[in-house]
Amino acid sequence: MTQLPPAARTTAPASLPPEGLPGLDPSWSRLLSVPRTPLAGSGADEPTVVTHQWHVLDNRHDLEALGVTPVGTVLCVHGNPTWSYLWRQVLGAATATAADGGPAWRVVAVDQLDMGYSERTGTPRDLARRVRDLADLTEALGVDGPVVTLGHDWGGVVSLGWAVDHPDQLRGVMLLNTAVHQPAGTPVPAPLRLALQVLGTGTVTTPAFLETTLALARPALPDAVKDAYRAPYQAPERRGGIGGFVADIPTDATHPSHPELERIATGVAGLTVPALLLWGAQDPVFGDRYLDDLLERLPHADVHRYEGAGHLVAEDAGVHTPVLAWLGDRHTDLTSPGTRTAPPTPGATQAWPRPPMWHQLDALADSTGTALVEMAPPSGPAPRVVSWQLLARRVRQIAAGLHQVGVRRGDRVSLLVPPGADLTAVLYACLRLGAVVVVADAGLGVRG
């Protein structure tokens, strides 16, 4: 923070967002005074103020109006330079799901201190402080589990810090493009190196960092949505947190936040709760090398990689839909006390946490009933009817043939097979072998 301009030291109380921001229900907003827990070994930079004011979005009142009791809490943490507005669609989708009789999840989306509409503390906040800040907030909110975290960018790291520190409350983790480890000798991504070189000017004095981030959306964000993201950061005095976040990037082992990042990265490798990774493949900051690292630490994670999405994958891909679908699919795992998904033992075959995808095919292997009908063109022959018995036999035969030619568990197999009964049989044969199917879809074009 020493490189940041005086504006970064400005203080201001928390406030409510203006009304009329697209997709943001004003009833979700609330302000909360939160006691601050001192960090062990904190020095002179630790503020003497004993409370901080937070702005959070919370759909609790929506659920109360519906007369439903939450099954748990989704704790959403934004990164830099966004704010809780990033999660507006998740709050709306969670409320709609509860209204339709589905699992009722309370969604709490925070504005991290010095960001969004939370208090401007005027004090540097490193990674360890931000992780403790989030714990202070959840304690003040009375969040006691089950909790599923959801984080993006550096909010992903902060949310994982909370997850590692609250094993008794944690039931799952969800992540959008983020990173928990920077390999030694590997430079941080070029956009972040540039931001560090022009730290004060690029992040605080001017809105360059904010505008560059908004420009990463694929497709471009509507003007009204851009204005909503800009709303809390109109003046340099409001952008100190943006500069502070960039200054706190652990670029090497000498950085003060490097030990905390290492602690979190090590702790993540020990998490055995269900995990979901939603990844924008076109992100120039958090590319696939960071996804690969997360998968090494969370090998049991479910992954949805969006080929056309970028850094703002929450905007690009509308991730609220898969988030709520995953919460519904994993409902029992995420809400049962003590439920864990054990990570695989190296060199061993991982047990399926639920019946395999082909269990119904095995159960109906002797049935002559219809499994699928392959429709023919209007001028072609009669539709091809495939029984469960025939489909099961073909799957076993193809799986045996693939194994004979060397296909093994974890291999990627590209299927250049037209849609129909043959594609279905080959697909299930690959799944039985544990191979990863890569379907070549002409609709995606050459790059896709």
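User: In which crossing does H4 pass H10, left-handed or right-handed?

Analyst: This is a predicted model, in which local features need pLDDT of at least 70, side-chain atom pairs count only at pLDDT 80 or more, and totals for chains, interfaces and linings use all residues. Residues are numbered from 1 along each chain as its sequence is written, and side-chain values use heavy atoms, with hydrogens and water left out. A crossing is left-handed if the near helix is turned anticlockwise from the far one by less than a right angle, and right-handed if clockwise. For H4 passing H10, the crossing is left-handed.

User: Which residues of H10 make the contact with H4?

Analyst: Contact means heavy atoms within 4.5 Å. H4 contributes Val157, Leu160, Gly161, Val164 and Asp165. On the side of H10, the residues are Leu261, Arg263, Ile264, Gly267 and Val268.

User: At what angle do helix H4 and helix H10 pack?

Analyst: Helix H4 covers residues 154–165 and helix H10 residues 258–268, with their axes 9 Å apart. Axes are lines fitted to C-alpha atoms, for helices over the stretch in contact, and angles run from 0 to 180 degrees between N-to-C directions. The packing angle of H4 and H10 is about 60°.

User: Which elements give two or more residues to the lining of the second largest cavity?

Analyst: Lining residues have an atom within 4 Å of a point of the cavity. The second largest cavity is lined by Leu127, Arg130, Trp154, Val158, Phe245, Asp248, Ile249 and Pro250. The elements that give two or more of these residues are helix H3 (127–141) and H4.

Conventions: Helices (H or I, at least four residues) and strands (E, at least two) are DSSP runs, numbered from the N terminus. On a 1 Å grid over the protein atoms alone, a cavity is a set of points where a 1.4 Å probe fits but cannot get out, and a pocket is an open set with protein on both sides within 12 Å along at least five of seven lines; lining residues have an atom within 4 Å of a point.
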